[in-house]
Structure formats: C-alpha cells, structure tokens
Amino acid sequence: MGFKARHSSSTAGNPVQKPNLGGGFNLRPGKNSLGNKYDWLLFMGPAMLLVAVFFITPVIIVFIISFTNMSSLTGFSNWSWIGFENWIKIFTHPQSGQHVEVTIIYVFFTLILFNVGLALVLAILTTHIPKAAGFAFRALWLVPRITPVVVYIMMWRYLMADSPYGIFNELIFRPLGFETSEMVAAYPYIAIILVNGFIGASFGMIIFTSAIESISKDIMNSSLVDGANILQRIKYIIIPQIKWPLMFVTTFQTLSLITSFEQIMLLTDGAYGTEVWSLWAYHKGLNNYFGQFQWGFGMALAGILVIISIVFCILYLKFFKFSDMIQEPKIETL
Amino acid sequence: MKRKSLIFLVLLLIVPLFLFAGGDQEKEAEGPKEVTITIWTKAGETELWRGLAAVEAAKELNKELESEGIVLTVEAVQETAGWGDFNKKFTMASEAGKGPDILCTGHENIAVYGSTGYIIPLADSVEEIKAMAPEFDDVIEGLWDMTSWRGQIWGIPQDTEARPMFFSKTKLNELGWSDAKIAALPDEIAKGNFTLDDMIETGKEAIAKGVVEPGYGYWSRPKSGGDFIQYYMAYGGQIYDAEQDKLVIVKDALLEWYKFQRRIVTEGVTPKNFLGTDWGIWHNTVSHNNALFFAGGVWHFAEWATQHVQDIGGMDYLFENFGYALQPTGIRGVAAQQMSHPLIYVVVAEDSSGNSNQDLAIRLLQKMTTKELNTNHAVGSGHLGILKSQAEYTPYKEDRLLSETLYMLDYAFFQPNHPYYPSYWSALWTNMEAVQNAALTPEEGVAAVLEVLEVEIGDALIIK
C-alpha cells in the first residue's frame, strides 16, 4: 500500500490505516497528532518563504512603484503618487500595439517551432537511434545553451553580417550570385526566433527524452506487436504518455519567453521592430542610450507582464487539466 | 561572584576600545588630514587623461594644501561601459549616497542630475565662475552655455569635439577630382555650396564608375547616437526653444531629414539594412578606405590610427587618404553645421557622494583645467581643446588634426540641457530607423514621432 502525503478533506474520514514515518511527523489528521492542521506549513514553509521573498515581494513593489512618477527626474526621494497615469499611458501609447504584436510573434513561433516543437522532434529522434548516437546528438544541441550568451550572440552577428564580414553572405549567398545584406536587419523576426529557439530547444529536448525513456517498454513493445507505425506510436503512445512534461515545458517556456529579452537585446537592442514588451520595460525603466529612466512607467510595463503570466498560468492549468493529472491514484481509494 | 566576574570581563573588553579610539583621534589631530576624492569617467583606451588629469592635478593642489594640513589622494575610476550603463551606475550610487565626488558626464545630463539634486551648481553666472579662477576664465566662451541650466553654472568643460563628414581624397581623385577641387571641398561644404544632394550624386557617380562598391558611397554612424540630428538641423530643424524652455519639432525639416535617410538607401549609396552594423565592421571598413563619404567624429582618427590602421601607416595613412569637412547642409546656400557634444566635470552633492569634499573638488577642477593637462587629453584622444590658450600652445598647434578642425567649433550646435531630450531623441531615432529600413514612409515616420512625443512629452514640446 502506497504512502500518501497529500491532504484533502476527503481523506479526513478515511478508515484505511496509513503507515507512520518511523517516528517522524504523523501525517494523518487526528486530534492527538502534532498540529496536524499546520503540518503542511512544515513542508511548504521554506518554499513559500522563498516565493514570498523573491517573487511576491518584488511583484508588490513593482505594482506600488507603477502608481508613482518615480524617474531619473525625481530620484528615489522626490516622487509622488500619480494614480493610474502610467497604466493609462500604456493603453494610449502609440507604440504599445507594435510591442504587443512583436511579443506575440516572438513567443508563439519560438515556442511552437523550437522550444516545444523542435524539442519534441529531437527527443523522439534521439530515442529511436542507437543510444550513443542519440546522446552525442543531444550533447551537440546543448552547446548553444552552455555557450556564454554574449559569445553566442557575437557568433550569430558575424554569421549574419553583410559581406565581406558575414559568413552566410560571403561563403554562401555571394558565390551563388544572390544580393547580400545585413541579415539580422533584413529578417529581424526570423533572427530573434532562431537565436532564441536554438537555445530553448535543448531544455524541452532533455525533459522529453527523459519522459520518453521512462515509458514502459511493455507498452512500446505492445504497440509494435499491434502493428503501429512510428507516427501511430507517437500519436497514441508517446504524446499521451508525456502529457505532463509537455504541459510543464509549454507552460514554463511560455512564461520564460514572455519575460526574456537578453538575446534580443544583445542581437538588435530592439531595432528593426524587435522590441518585445519585456525589452521595452527594460529600456524605459532600467537601460537606455542616455541613461534616463522612467521607473514608474517601466514598472507598469513590467506589471502587465506579471498579469499576463498569471493569466497564462491559469489558462494552461485549465487547458491541460492539471487537476486531473494530480488526482489521487484510484488504487489508493479502494 | 559570578556576576562580578562577568562585569569585570565586559569592562576589560570595552575600556581598551575607548582608549584606542581616543588615541586615534589624537593621532588624527596631530598629523595631516587625509582626504580622498573619487572621480568617475567614461573613457576608451585613448581617453584615459579624463581621469589621469585629476591625479596629476592633485600633485599641484597638494602643494597648496600642505599649509592647510590636508593630504589629497585622487581615486580615478575609468569605465568603458556605454553611456546608459555608466549613467545608471551613477544614478544608483547617488541614491545610495555612494557616488563619486566628481563625475565626468555629457552636458545634457545636467538637467536630470540637477533636478534630482545629485549635483550642485558651481556659480550663479558665467561671470561668477570665470572670476573664481584664472583657469576657468581661460575656457572658450561658448562652452559655458553648455554647462548652464536654469541660470546657473553646473559644470566645468572637459573636452569637446567636432563631428566631420570624412571623405576619401584618393577615391575622389580616382573619380576625376583634381587636388585643388578636393582641397576646396571643406570650404564649399562650409558655405553651403556642396549639399547632401551633391554628396549622394557624387556617391552614385563613384559607384557607377566602380570607384567604390555599391552601397559604399556614404556611411553614416551605424548605431543610435545624437549625430543623426545633424541632418535634421541640415534641413532647417530646431531642437530647443530657450525662451520657453521647450523642445521643438519643425515638421518640414523632420520630413526632409527622413526623406534623406530613405534616399541614401534607395539611391544605393548606403547598403540596405545598414543601421545596426557592428562597430568593428564599421571602423574597419571606413578606416581602410572603402567608403567615399562617412560621418564620424574627430576622435575616430586617433582610434583608427592606433587600433585599425597602425600597421599600414597609422596617422600618416589617414592624412594621406582622408579629408574632413563640416556636415553638408540640405539647403543649398545655407551654411553647414556640425554637432559638438562637450563632456563636463560636475561636482556631486554631499547626500549623493556621502562626502563633504565639494570645495576641494572645485579646487581640484581648477588645477585640472590647464592647457598642459587638457592638451594631453586632446592630442591623445583627438578631441578638441576647451581653453583659449590652447590655440597658441605649441603641442596643441602642432597636432595637425586638432588645428585643422578647430574652426568647426564656430559652426557647432549642441544638444539641449532639457530633461525630456532623451525621450525626444528616442522617438526621432526609432522612427528614423524604421524609415531608412522602409518599415515606414517618411510621412508615416513624422506622424509616428508626433504621436509618441505627444504621449511622452506633452506640453514640453512645440510643433512648428
């Protein structure tokens, strides 16, 4: 009989005897056990403290500052409350629409094509070839992630620079007679998606590989016996079996992409219409050419990201039926 | 008994602390008072005299301070970061009361740092600052304007520069221009007889005749920078209305400027998607005589000579191949201009620096503002001098580049000391880039600028 650490009201009257943890905490609810009502605090307390200090508190500060006119002109001492002025400014700012548009394009295509799509393809491919080859291939895909980001971006810039400095242009396009150009500027969206995607794919690849390799051999072999081809195995066996990692990678990478901007900053610094929302917030609040900062407005922009991220979290949890996945195993309630 | 022992033990530990503390104070009173002044500058490899000048000046000042019982030490922190990061560091440090005593910064930051109280005014008028020291009286008159804000003087000029239009003499020769015609080009540009249109036409001709590669007729600065506003001014633009203390947009000038930025691409003298080109590529290309016209700064000569063409002749190679002129006008017959961007030393307030060294800092600045120290910086970095006496100072006069570009200060305009100028510039740059890359038409670009500035600046903008 398994051990169940999760409490719920339905377990309160469960007559099934659960084992004790050998003198540790009694997890069974009961009036004689040590503060059973608050047991969860002992387990969750440290994690909750970290979340409170490093997430909840900064978020509260972000929202508080967003209601002020704090900027380089006021310093941290001479600011005043301005109500919703910064939030109204976001909705009336003529550049807001463009930043939303580029953010959606960047997040959607990087996520679908690379962080989840390519990651899944790589995981499936490398688990269906000899183990050593699969390992080597995956190791190769980790190189972009372990390369220092400044070096990585510098490589891309010289790959995509105009002739005679750019490798693509000088060694491929020019000899073939194509017109050469600064490729980052010519194809800015493709550039930021590729640069981020090549890093992002490796994360999902590792998670999916591990999940695929954990699928019971019996199930996989059964599908072969039943005559399933590779596409059917992917559709009917692999995808359903790795639903949880899929949900995790999709959620995690969506939130990461919405708030990430460092590769874009180093590659284009927002030029050619590539200033995603988070980079806009960074430029307004923390870094720009003249070093004049609008902390209040920047925090309102960051506040939008927090709200969007929370909304996405809720949507994903609903869409992937998170609550179904963490339901107690039926065997426990027999 | 136990309690008495504990009290005795505590006294045994505490009493010597008081004794030693008293001893230190007595020691301090006996010897000279040691004061450290910290100066922060942003400096490239050739610009180290921005901070070294303070170290050298301290030696002179210490002679005076000896009788006052003070020994001054200077700690110069020279950063190579971009202006944004450098300014951010100063802002955060000032808020924490850990800023430097002296900051070397762009003059346009006076309004921002003055508003927050990070820096202190040095005098209430130009006359007052000039009367404070003979060194300050020697500063070129026009430069004080750039240190003024709300009627007070907030800084001491450190350097200034010219932003010329460089041209390849050898490429013009190949194009059929005589030496005399090439030699007369700077004067023709200054008078407004050779315009931006002429530059485009000459670039097209050079490309057509194979003198330069397509797209190499004219190279502007490759990344964001106030330099581009020279072309707004070239078409009759106005940045600032001093009387109303407001920023200004002249719509027609803005439109003509944006049309020019688009034309250089459509006419083929500048590569498609040029903006954003890596600085390393830009320096390498122009310094190796691959472009016909290219806009830069006088200080670039020093950089190219020491970091790019040092193996093929250095400064001699540059003088042999390149000439320099003002930025051509966009309106024929109207005198040319160029933008200077003086750096200044400002004195940081007590709350921001955490020190009360302001008087000493001003005395140190006096000693730094000498023709000897400033010429070290000017000659080493290719920046123009700030003192009247430098024009006749032999080491300065003997520097060919500095002496031949000094006249450009007579045609200089400056960016305004207005707190909203960064937002103003950001809107102009973002949309200029979009127009040059054909993401917007010039007309759409102008409309976008006005829309953004209405939200960002509002009443602080005059539209003409």
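Predicted model: local features only at pLDDT ≥ 70, side-chain atom pairs only at ≥ 80, totals over all residues.
Residues are numbered from 1 along each chain as its sequence is written, and chains are lettered from A and ligands numbered from 1 in the order in which they are written.

Student: How many helices and strands does chain B have?
Tutor: Helices (H or I, at least four residues) and strands (E, at least two) are DSSP runs, numbered from the N terminus. The C-alpha trace of chain B spans about 105 × 50 × 45 Å along its principal axes. Chain B has 21 helices and 16 strands.

Student: What percentage of the residues in chain B is buried?
Tutor: A residue is buried if 20 or more other C-beta atoms, placed from the backbone, lie within 10 Å of its own; 12 or fewer makes it exposed, and in between it is partly exposed. Chain B has 464 residues, and the buried share is 50%.

Student: In which order do the five strands of the open sheet in chain B stand?
Tutor: Two strands pair if DSSP finds at least two bridges between them. In this sheet the pairing is mixed. Strand 2 (70-79) and strand 6 (156-159) of chain B each have a single partner strand, so they stand at the edges. The order is 2-1-3-14-6.

Student: Which residue is the bridge partner of Trp40(B) in strand 3 of chain B?
Tutor: Strand 1 (residues 33-42) and strand 3 (residues 102-106) of chain B run parallel, joined by two bridges. For Trp40(B), the partner in strand 3 of chain B is Leu103(B).

Student: What angle does helix 3 of chain B make with strand 1 of chain B?
Tutor: Angles run from 0 to 180 degrees between N-to-C directions, and axes are lines fitted to C-alpha atoms, for helices over the stretch in contact. Helix 3 (residues 83-95) of chain B lies across strand 1, strand 2 and strand 3 of chain B. Its angle to strand 1 of chain B is about 150 degrees.

Student: Are helix 2 and helix 16 of chain B roughly parallel or roughly perpendicular?
Tutor: Helix 2 (residues 49-65) and helix 16 (residues 358-368) of chain B have axes 8 Å apart, at an angle of about 105 degrees. Under 35 degrees counts as roughly parallel, over 145 as roughly antiparallel, 65 to 115 as roughly perpendicular and the rest as oblique. Helix 2 and helix 16 of chain B are therefore roughly perpendicular.

Student: How many nonpolar residues are in the contact of helix 2 with helix 16 of chain B?
Tutor: Two residues are in contact if their C-beta atoms, placed from the backbone, lie within 7 Å. Residues of helix 2 of chain B, including Ala53(B) and Leu61(B), meet Arg363(B), Leu364(B), Lys367(B) and Met368(B) of helix 16. Ala, Val, Leu, Ile, Met, Phe, Trp, Tyr, Cys and Pro count as nonpolar, Asp, Glu, Lys and Arg as charged, and the others, Gly among them, as polar. The contact has three charged, no polar and seven nonpolar residues.

Student: How do helix 11 and helix 21 of chain B lie, and what is the word for it?
Tutor: Helix 11 (residues 251-266) and helix 21 (residues 442-456) of chain B pack with axes 9 Å apart. Their angle is about 135 degrees. That makes helix 11 of chain B, relative to helix 21 of chain B, oblique.

Student: Which element gives the most to the side of chain A that touches chain B?
Tutor: In this interface 30 residues of chain A are in contact with 32 residues of chain B. Helix 2 (85-92) and helix 7 (183-186) of chain A give two or more residues each. With three residues, the element that gives the most is helix 7 of chain A.
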